[in-house]
Every structure is written in structure tokens, then in C-alpha cells.
Amino acid sequence: MFCAPTETLVQGTNGAKKWGKHFSEPFHVSSGVRQGGVLSPYLFAVYLDDLSNELNNIKAGCYIGEVLLNHLMFADDICVFCPSVRWLQRILDVCQAYAESDGIIFNCSKTVCMTFKAKSAKSTATPVLKLGGQYVKSVDQHKHLGILLDTELSDDKGIQRQLRYQYRAVNKLRASFSRCSNAVKNVLFRSFCTPMYASQLWCNFRKTCMQRLRVAYNFGCRALYNLPWRASVSSHQVQCNIPTFEALLRKYK
């Protein structure tokens, strides 16, 4: 399976050219959608609807039951995939033809290819793909929509990123709010330490990696509330209406 995230460049209503550190005089752009506008996602979806239909008509890609899936679109990110290099190149050709006819520019410098090989495969050749006349770079790891993907389909790197975030968040809270009341700390801890982005997708990880994250979560609670080392952190979390680490993961899943 191959994954090629792409990015389209959409113009706003005002713009300027940048050359090194210098900017031109601002000029008005009569076409495009404003970034951050309320209607921008809807207009962009309508604009790419024909491309989605063309990709569906290829009848090549991955099947989930009887449902064909060869592309996913979110905002200005497009991810295409197919179990065959030949048909994946065909999908990229359709994207490029649509871009040329409808005034879209695919950013080839941010377009990458990932190869997900079967467990029984000892080695897999690096695919050679082109988009807009440029070769697509092959990578073993890529961040897509804030989620770290790698060719081994492991969630360890995503958990490690959350581990670093936990320690950073707790240290910032301790530095600024250590003398606040427990009521204030409850709100702060739930706001900054309980969100775990993409934890719903964690399914392939090492137990030691998850254990480190659990320790960091409980350490943050002890440090923020100045709990004694031998005190039960789980009972304190229940008293303060803060979910335990296990309850938090169950809630997200």
C-alpha cells in the first residue's frame, strides 16, 4: 500500500510575493478562498468534488468489504493509496490532470510516498512515482494531520510525543500556578494534561512505552498538587474528579 499526501495551494483575497526576506507591494487576488473563512471548507469541498468522483471511477485501490477506498481528503490535504504501484501512478496522473485543468497547484516538495509492506515480505523495492513531472520522495515516517505514521504501523513515536508534551505541560503549570487552590488546579490539569491527541488510534505499541506515559501522567498529578511520594495518586484523582490514566484511555477509545 502506498500513501502520498499532497497539499494544494489556494490563494486568498489579498497577497504579496516573497523573495528571500523581501516582500512586494500587496495586491488583490480576484479568485480563491480566504484561509480561515467560514465558507472556505465548503467551497473547497465543492471545488474538489469532481476530482473525488474521477478517482472513484478508476476502480482501483483498497477495498473494505465491498467499499472501494483510494483517497481521503481533509481541508487542503489529499491522501491517495493503492496496493499497486502502477495504479497508484495512474491515480497521481488523474490528480495532476485535474490540477492543470482547474487551476490547482500540488506542492510536490511536501508530497511523499510511504510503502507499507506485508509482515511476510523480507524486502520491498522503493517505488518510483511522479507528480507534475517531479519524482515523489519516499520516506519511512511522515506526520499527516498531526498523526505520526511510519511504515511499521507502530504507535510508539506518537506515544513518545505525548510523553514529552505531558512533562512540558506539567512544568509550565507548576511554574505559574503552584500556589493556586485545588479547584483551579483541577481545571488546569483537565485542560492541559488530559487531552491525548490520536490516542483513540493507539493499538500497536510496546508496553514499556505506554507505561512511561502512565508514569508521566501520574507524576504530573503528584507534582502539581504537591502530593507526598507514598500517597495514592489514584484516590486523589477520584476525589478531584480527575480521570485516572486507565479511565482516560477508555474514555477516548
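Predicted model: local features only at pLDDT ≥ 70, side-chain atom pairs only at ≥ 80, totals over all residues.
Residues are numbered from 1 along each chain as its sequence is written, and side-chain values use heavy atoms, with hydrogens and water left out.

Helices (H or I, at least four residues) and strands (E, at least two) are DSSP runs numbered from the N terminus. In strand E10, residues 112–115, Val-112 and Met-114 point one way whereas Cys-113 and Thr-115 point the other way, and all are buried. In a regular strand, side chains alternate between the two faces of the sheet. E10 pairs in the parallel sense with strand E13, residues 137–138, over two bridges, where pairing requires that DSSP finds at least two bridges between the strands. Within E13, Ser-138 is the bridge partner of Cys-113.

Now to helix H7, residues 245–252, whose buried residues are Phe-245, Leu-248 and Leu-249. Why do we say that these residues line one face of the helix? Seen down the axis of H7, they fall within an arc of 95°, so they line one face, the arc being that of the directions from the helix axis to the C-beta atoms. The buried residues of H7 pack against helix H5 (207–225), contact meaning heavy atoms within 4.5 Å, while on the other side of H7, Arg-250 and Lys-251 are exposed.

Terms used. Buried < 20%, exposed > 50% of the residue type's maximum accessible area, 1.4 Å probe, protein only.
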